[in-house]
Amino acid sequence: MADSLPSINFGFDDLRDRMARFTEKFDTFIAKGRKQVLEERNRFRINVAELQEDQRLKAREIEALAQKSSSHAQAVDKEAAETAELHAAIASISQQRDAHAQHRDRIKSEIATVRKQMAQRLSAQQQYAQAIDNQAQHNLPELDFWQTYLCMRIEGTGTVDRVKFVFTHVDEKDWEKQACFELDMEKRDYRVVSTKPKVEAEQVGRCVERLNDSRDLGHFLKGMRELLTAAVK
């Protein structure tokens, strides 16, 4: 009966063989996948390391650039400060130059004014000296006459441009008695410095004023003799 039963082939061997091949392929796939994952992980780590290294390098470059920028900024600020100081120094020198130029021009103007004044004074002195010489030439003969006519003599006083006029015969009771006055001729306008005996200043002033206006020495001496004679009496 057992021999008459049909043999049934369920294909276990084929299934086993197919399962074995599938398992082998799956294991290969898993191994390749694991290897690929490991390789990608290693590449990722390498890339991360390279990126980190690049980042460190970039950070160093940025730090170096920042230092250079800071140094450059300091150099620019220093240069700007030096430029400002230079401009200030130039402005100060320009002001000093202008002040010196103004001072020089003022001194030149003052020198020109002084020279003009000196020339005017010299011309006036020359004119005055000429007038004195002319007056002296005119007065000398007249003076000799008045010395005799007025009983007068002229004496020095020891002071430049000052003379003393001495009159005699001023007192009828005493012909030897004398009267005198000193005349200062330093400036154009003469002035009587002193009289003996004393005469009122107002009266002397009128005589001197007429002399300075007219330059008539004879009439002046005559007037002064009259004042002194009246004072003696």
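Biologist: What pattern does the protein follow, read along the sequence?
Modeller: Read along the sequence, the pattern is α-β-β-β-β-α-α. Helices (H or I, at least four residues) and strands (E, at least two) are DSSP runs, numbered from the N terminus.

Biologist: What sort of model is this, and how are residues numbered?
Modeller: This is a predicted model, in which local features need pLDDT of at least 70, side-chain atom pairs count only at pLDDT 80 or more, and totals for chains, interfaces and linings use all residues. Residues are numbered from 1 along each chain as its sequence is written, and side-chain values use heavy atoms, with hydrogens and water left out.

Biologist: How many of the residues count as buried, in percent?
Modeller: Of the 233 residues, 16% count as buried. Buried means under 20% relative accessible area, exposed over 50%, and partly exposed in between (1.4 Å probe, protein chains only).

Biologist: Let us turn to helix 3. Which of its residues are buried?
Modeller: The buried residues of helix 3 include Leu-217, Phe-220, Leu-221, Met-224 and Leu-228. Thr-229, in helix 3 (residues 217–232), counts as buried because its relative accessibility is 17%.

Biologist: Which backbone oxygen lies 2.7 Å from a polar atom of the Thr-229 side chain?
Modeller: That oxygen belongs to Arg-225. A polar contact is a pair of N or O atoms within 3.5 Å; within protein, one must be able to donate a hydrogen and the other to accept it, and residues adjacent in sequence count only if both atoms are side-chain atoms.

Biologist: And what happens at the start of helix 3?
Modeller: There, a side-chain oxygen of Asp-216 reaches to within 3.3 Å of the backbone nitrogen of Gly-218.

Biologist: Now the loops. Where is Arg-215, and is it buried or exposed?
Modeller: Arg-215 is in the loop between helix 2 and helix 3. Arg-215 is buried, because its relative accessible area is 16%. Its phi is positive, about 60°, although Arg-215 is not a glycine.

Biologist: Which other residue has a positive phi without being glycine?
Modeller: Cys-151 has a phi near 55°. Cys-151 is found in the loop between helix 1 and strand 1 (152–156), and its relative accessible area of 28% makes it partly exposed.

Biologist: Which residues does the cis peptide bond join?
Modeller: The bond joins Lys-196 and Pro-197, with omega about 5°. Pro-197 is in the loop between strand 4 (191–196) and helix 2 (201–214).

Biologist: Finally, where does Phe-22 lie?
Modeller: Phe-22 lies in helix 1 (residues 12–149). Phe-22 is exposed, because its relative accessible area is 52%.
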